[in-house]
Amino acid sequence: MYNVKGDVTMLKILNLSLRYGKRILFENVNLEFTEGNCYGVIGANGAGKSTLLKILTGQIESTTGEVIKDRNDRIS
Ligand SMILES: Nc1ncnc2c1ncn2[C@@H]1O[C@H](COP(=O)(O)OP(=O)(O)OP(=O)(O)O)[C@@H](O)[C@H]1O
Ligand SMILES: [Mg+2]
């Protein structure tokens with residue numbers, strides 16, 4: 001899949017939200033990771049870095065939103 005700039009999209013996060021009870025960890029997050037780039041996740045302790053990665057791998061289900069990737073691509 002290609003974005004509007006013609007880059008190849010590896011992974012796309014659409015309207016992602018995660019709540020633990022009253023605590024909002026993510027709210028309507030939209031992100032796109034394009035091929036050929038290297039990305040880092042930065043944040044304070046407890047900000048939700050590990051949780052975000054677990055959502056990407058499907059280990060945790062988000063409250064709203066979706067993660068889109070090519071069916072032939074594998075996250076490891
Ligand atoms: N199952 C759960 N129920 C409730 N809260 C949770 C649950 N799992 C994680 N949390 C909370 O969500 C927040 C994010 O946790 P997470 O482990 O993703 O943070 P992190 O950015 O990876 O932190 P660190 O830098 O310490 O690795 C933390 O405040 C944590 O206490
Ligand atoms: Mg962590």
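In the predicted model, three strands form an open sheet in the order E2-E1-E3, and their pairing is antiparallel. The edge positions are taken by strand E2 (23-34) and strand E3 (64-69); each has a single partner strand, so one side of each remains without a neighbour in the sheet. From one strand to the next, the twist averages 10 degrees.

Strand E1 (residues 9-20) pairs with E3 in the antiparallel sense through five bridges. Within this pairing, lysine 12 has isoleucine 68 of E3 as its bridge partner. Helix H1 packs on the sheet and touches E1, E2 and E3. The direction of H1 makes about 120 degrees with that of E1.

The pairing of E1 with E2 is likewise antiparallel and comprises eight bridges. In this pairing, leucine 16 is placed opposite valine 29 in E2. E1 and E2 form a hairpin with two residues between the strands, and glycine 21 in this hairpin adopts a positive phi near 65 degrees.

The residues around ligand 1 are Tyr20, Leu25, Gly43, Asn45, Gly46, Ala47, Gly48, Lys49, Ser50 and Thr51. Helix H1 (residues 49-57) supplies the largest share of this shell, with three residues. By residue class, the shell around ligand 1 consists of six polar residues, three nonpolar residues and one charged residue.

Notes. Residues are numbered from 1 along each chain as its sequence is written. Chains are lettered from A and ligands numbered from 1 in the order in which they are written. This is a predicted model: local features need pLDDT of at least 70, side-chain atom pairs count only at pLDDT 80 or more; totals for chains, interfaces and linings use all residues. A residue is near a molecule or strand if its C-beta atom, placed from the backbone, lies within 6 Å of it. Helices (H or I, at least four residues) and strands (E, at least two) are DSSP runs, numbered from the N terminus. Ala, Val, Leu, Ile, Met, Phe, Trp, Tyr, Cys and Pro count as nonpolar, Asp, Glu, Lys and Arg as charged, and the others, Gly among them, as polar. Two strands pair if DSSP finds at least two bridges between them. Axes are lines fitted to C-alpha atoms, for helices over the stretch in contact, and angles run from 0 to 180 degrees between N-to-C directions. Two residues are in contact if their C-beta atoms, placed from the backbone, lie within 7 Å.
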